[in-house]
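This briefing is written for a reader who has the sequence and the structure open side by side. Please look at the picture first, and then follow the points below one topic at a time.

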Amino acid sequence: MTAVAFDTLRFVRTLRDKAKMSSEQAEGLADAIAEAIQNDLATKTDIAAVRTDIEALRLSTKSDIEALRLANKADLADTKAEIVKWMLGAIGFQALVIVGGIVALARGLH
């Protein structure tokens with residue numbers, strides 16, 4: 001358990017002297033505040049666990065990003081190959097159309 005720099009005795013005296021509370025009320029309030037402060041504090045173990053979780057997430061994210069980069073690179077290569085295939089097909093088709101047109105013109109002229 002972590003020690004808290006909260007002077008309950010001084011707090012109780014202040015409540016009794018300045019707020020004119022009874023000793024029981026002041027002590028009860030001081031105990032409640034001290035307990036609330038104790039429950040909300042993070043210990044070194046808590047902080048170490050969070051740091052470990054953050055490091056694990058960082059490594060996981062880094063590997064996920066690398067996997068996505070490699071997948072995108074592969075997808076880009078596939079897309080490039082597909083574009084080249086379609087372009088060569090289109091060029092081949094255009095060449096056939098032109099040759100066919102020339103043959104048709106040549107037949108028409110004879």
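Glutamate 55 and arginine 58 both lie in helix H3, where they are 3 residues apart, about one turn of the helix. The model shown here is a predicted one, and a search of the whole structure finds 3 salt bridges.

- Glutamate 55 counts as partly exposed because its relative accessible area is 36%, which lies between the limits of 20% and 50%.
- Arginine 58 is likewise partly exposed, at 43% relative accessibility.
- A salt bridge also joins arginine 69 to glutamate 66, with 2.7 Å between the closest N and O atoms, and both residues lie in helix H3, 3 residues apart, or about one turn of the helix.
- Arginine 69 is partly exposed, with a relative accessible area of 43%, and glutamate 66 also counts as partly exposed, at 35% relative accessibility.
- Lysine 85 and glutamate 82 meet through their side chains in a salt bridge of 3.4 Å, N to O, and these two residues, again 3 residues apart and about one turn of the helix, both lie in H3.
- Glutamate 82 has a relative accessibility of 38% and so counts as partly exposed.
- Why might such a spacing bring two side chains to one side of a helix? An α-helix has 3.6 residues a turn, so residues three or four places apart point the same way.
- Side chains of opposite charge can pair when their charged atoms come close.

**Patches on the surface**

- Which residues make up the negative surface patch? This patch is formed by Glu24, Glu27, Asp31 and Glu35.
- Glutamate 27, one of the residues of the negative patch, has its place in helix H2, which covers residues 23–40, and is partly exposed with a relative accessible area of 42%.
- A nonpolar surface patch of about 290 Å² is made by Val84, Leu88 and Ile91.
- Valine 84, which belongs to the nonpolar patch, lies in helix H3 and counts as partly exposed, at 43% relative accessibility.

**The start and end of helix H1**

- Aspartate 7 caps the N-terminal end of helix H1, which covers residues 8–18, and a side-chain oxygen of this aspartate lies 3.3 Å from the backbone nitrogen of leucine 9.
- H1 is followed by lysine 20, which lies in the loop between H1 and H2.
- The phi of lysine 20 is near 60°, a positive value in a residue other than glycine.
- Is lysine 20 buried or exposed? Lysine 20 is exposed, because its relative accessible area is 67%, and the limit for that word is over 50%.

**A distance across the model**

- Alanine 77 lies in helix H3, which covers residues 44–109, and is partly exposed, with a relative accessible area of 44%.
- How many residues separate alanine 77 from alanine 26 in sequence? The two are 51 residues apart in sequence, and in space they are 75 Å apart, C-alpha to C-alpha.

Conventions. Residues numbered from 1 in each chain as written. Predicted model: local features only at pLDDT ≥ 70, side-chain atom pairs only at ≥ 80, totals over all residues. Heavy atoms only, no water. Patch = residues over 30% accessible without salt bridge, like charges linked within 9 Å, V, L, I, M, F, W, Y side chains within 5 Å. Areas by Shrake-Rupley, 256 points an atom, 1.4 Å probe, with all protein chains shown as cover. Salt bridge = Lys/Arg side-chain N within 4 Å of Asp/Glu carboxyl O. Lys, Arg positive; Asp, Glu negative; His and termini not counted. Charge placed at Lys NZ, Arg CZ, Asp CG, Glu CD. Helix = DSSP H or I, 4+ residues; strand = E, 2+ residues; numbered from the N terminus. Buried < 20%, exposed > 50% of the residue type's maximum accessible area, 1.4 Å probe, protein only. Polar contact = N/O pair within 3.5 Å; in protein donor to acceptor, adjacent residues only side chain to side chain.
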